Amino acid sequence: MKEIRTLKGVGVGLRSQLGEVFTVQKTSPNTSPSSETKGVQEETRALQRAIAKVSSQLNQLQQKAEPTARDVLIALDMMLNDVSLIEKAEREILFGSSASEAFFAAVREFEELVSPDPVLMERAADLRDLADQVAGAISGVATALVLPEQGELVLVATDISAIEIMQLTPAVVGVITQFGGPTSHAAIMCRAMDIPMLVACSEAPQLRSGEWVLLDPVADRAVVGGTYDLSTQPMSFQASMPEPLIPVFANIGSMEDASLATASRATGAGLVRTELLFLGSSHRPTRDVQARIYRDLFERCPAGPIVMRTFDVSEDKPLAFLSENLTDNRSWKEPGEELIAEQLSSLVQAQLSSGREIWVMAPMVSDASQALEFIKLARSVGDFRIGVMVEVATLIKDLALLQGQLDFISVGTNDLLNSLMKSDRLNPEDLSQTSHWQPALISALAEIAGICSDAGIHSGVCGESASDPAFSIVLAGLGFNSVSASPSQVGQVRAALSSVSESQAREVAAAAQLGLSADQSKTLALAKLAGFQG
Amino acid sequence: MFVGQVSIQDPLGLHARPAGEIVRLSRELGIAIRLGRPGAALVSANGPLALLALKLKTGDHVTVEIESSDSEQVTQVMARLQEILKG
């Protein structure tokens, strides 16, 4: 019987692929850039010629690239031709470096500036790859990979650059790298080209040319000696009920969003970012102008309730008319209480002329007294359902005090996660801190849903996490009454929430709460879900 | 010269593509644009790397200087910048 070994890494792509291992040794010229110099003028010219040459290669690759790859190549070209980078390199040449040494020195300076930020280090890696190409162009050494034209090969390398991905032959059906991350330009291009990839696979050097391997990106693994029956299918949700467990609303920031939301079968608008409707205006819109714009928007919105968030300055400092009275306080009153009162009264006007059900909510509320001030104001102006965003950790404990006063809340999970991190409940060193699968966030969400349910307050989530279909099931299981997703995700989230029963959603939520890290929470929840999807 | 503020709304922070778009905007209009954290030194948007090195993350506020006294143009540039930073 054949030996089967599993190598772990981070998968890129959704499709499994079987192929023959083809290992490549990267012979980059940067191991010893020539330090010989032919004088400042010569070296400066050599550098400029080499940059121009690599730049024209990038331009040629752009011609045949599809859109995602083209964007990457354009970004690379702009990095290569960065004025400050070239100036630094030319200064190094003045100090006696050769052209290739000088370019590497400039790249290293950027690397030191951005270290240890993991995403920016990927850009530094891109730059190093470009420096390899530049050094190759200076010395005349070929830097391209030499690959067979035929076969079904899984390329195994220490790392791979976006430029090398563009030069792969049709024989390459998959890529495994020892280093690199899932957000590298190379990974973005592989995803766009439908070439499955496993990155950060520390055991990659153990693979030998000629071995057959199953690349299984969905399971973050490669299986040596594996066959397609071991492939892990990406989770796709089959709706088994006519309607989702909880209503799925849409987040809206423009007229176009509103039309998309209606097309997506969203139940209503769960978050209208009102300030974004006035991005083009340099002056404060009058009450009548606002009322007209809101009415236009309401006409395009899906049939259900429309949740209007009052002007949020944390998102929109460029709007001069909102920034006039700014202080450093975080409060819904920041644009000026009188301005918000005017906005609410223009909403009444639009509500009356459109006949729509309007809910209003305030951003940046950090305690019960701020919430009560907003409730008092909104109640004095019109007949709305009144709510607040929960995006500041200190508000959570105060929610119970708002029983009987507050109609609804909507959680902004991104800001709440940031707020939890600032209060030291999370380790800022944890690289997965930005994931909505963070145990600290999930336990805060459980607490919020529990308090709201006891206090008779409608609870929703409008943050990015609600656009993740699997996570929307967790939210339903935790007891939230609605979610609001970006219009493009409404269909997926609806399908997910129509594929499980209420008790199954509770089990998925319970599984997610057992994790000690974001990764664990996600794995546990997805495993539980996979069992239900049959 | 105009001084204003924008914020990073892109969930990935300020990454390579939007940084490149800002550089292109500055080049196409022939107007110097400078960005930086409020209160700190600003960097010129003449190349993407200096912008990336600001390490701007989602929710960060950014001070913007635009070398233009044409208020209509400034408004357009600011709107475009905020659009780019939305991701």
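Colleague: In what order do the elements of chain B run from the N terminus on?

Modeller: They run β-α-β-β-α-β-α, and the secondary structure of chain B comes to three helices and four strands. Helices (H or I, at least four residues) and strands (E, at least two) are DSSP runs, numbered from the N terminus. Before we go on, this is a predicted model: local features need pLDDT of at least 70, side-chain atom pairs count only at pLDDT 80 or more, and totals for chains, interfaces and linings use all residues. Residues are numbered from 1 along each chain as its sequence is written, chains are lettered from A and ligands numbered from 1 in the order in which they are written, and side-chain values use heavy atoms, with hydrogens and water left out.

Colleague: Why is E122(A) called buried?

Modeller: Buried means under 20% relative accessible area, exposed over 50%, and partly exposed in between (1.4 Å probe, protein chains only). E122(A) has a relative accessible area of 14%, so the residue counts as buried. E122(A) sits in helix 5 (residues 118-139) of chain A. Not counting residues up to four places away in sequence, E122(A) touches G181(A), P182(A), T183(A) and S184(A), where contact means heavy atoms within 4.5 Å.

Colleague: What makes the 91 residues a nonpolar core?

Modeller: A nonpolar core is a set of buried Ala, Val, Leu, Ile, Met, Phe, Trp, Tyr and Cys residues joined through side-chain atoms within 4.5 Å. The largest such set has 91 residues, and those with the most contacts inside it are L399(A), I409(A) and I448(A). Helix 15 (residues 439-455) of chain A gives the most to this core, with nine residues. Leaving aside neighbours within four places in sequence, the contacts of I448(A) include V390(A), I396(A), L399(A) and F480(A). A second, separate core of 80 residues includes A46(A), L130(A), A187(A) and I8(B).

Colleague: How do you know how big the interface between chain B and chain A is?

Modeller: The size of an interface is often given as the accessible area lost when the parts come together. Buried area is the accessible area (1.4 Å probe) that two parts lose on being put together, summed over both. For chain B and chain A that is about 2,200 Å², 65% of it on carbon and sulfur atoms. Here 27 residues of chain B are in contact with 28 residues of chain A. The largest share of the side of chain B that touches chain A, six residues, comes from helix 1 of chain B.

Colleague: Why is the pair E67(B) and R34(B) called a salt bridge?

Modeller: A salt bridge is a side-chain nitrogen of Lys or Arg within 4 Å of a carboxyl oxygen of Asp or Glu. The side chains of E67(B) and R34(B) meet at 2.7 Å, N to O, so the pair passes the rule. E67(B) lies in the loop between strand 4 and helix 3 of chain B and R34(B) in strand 2 (residues 33-36), 33 residues apart.

Colleague: What makes D60(B) and R37(B) a polar contact?

Modeller: A polar contact is a pair of N or O atoms within 3.5 Å; within protein, one must be able to donate a hydrogen and the other to accept it, and residues adjacent in sequence count only if both atoms are side-chain atoms. The side chains of D60(B) and R37(B) make such a contact at 3.2 Å. The side chain of D60(B) also reaches the backbone nitrogen of K57(B) at 2.8 Å.
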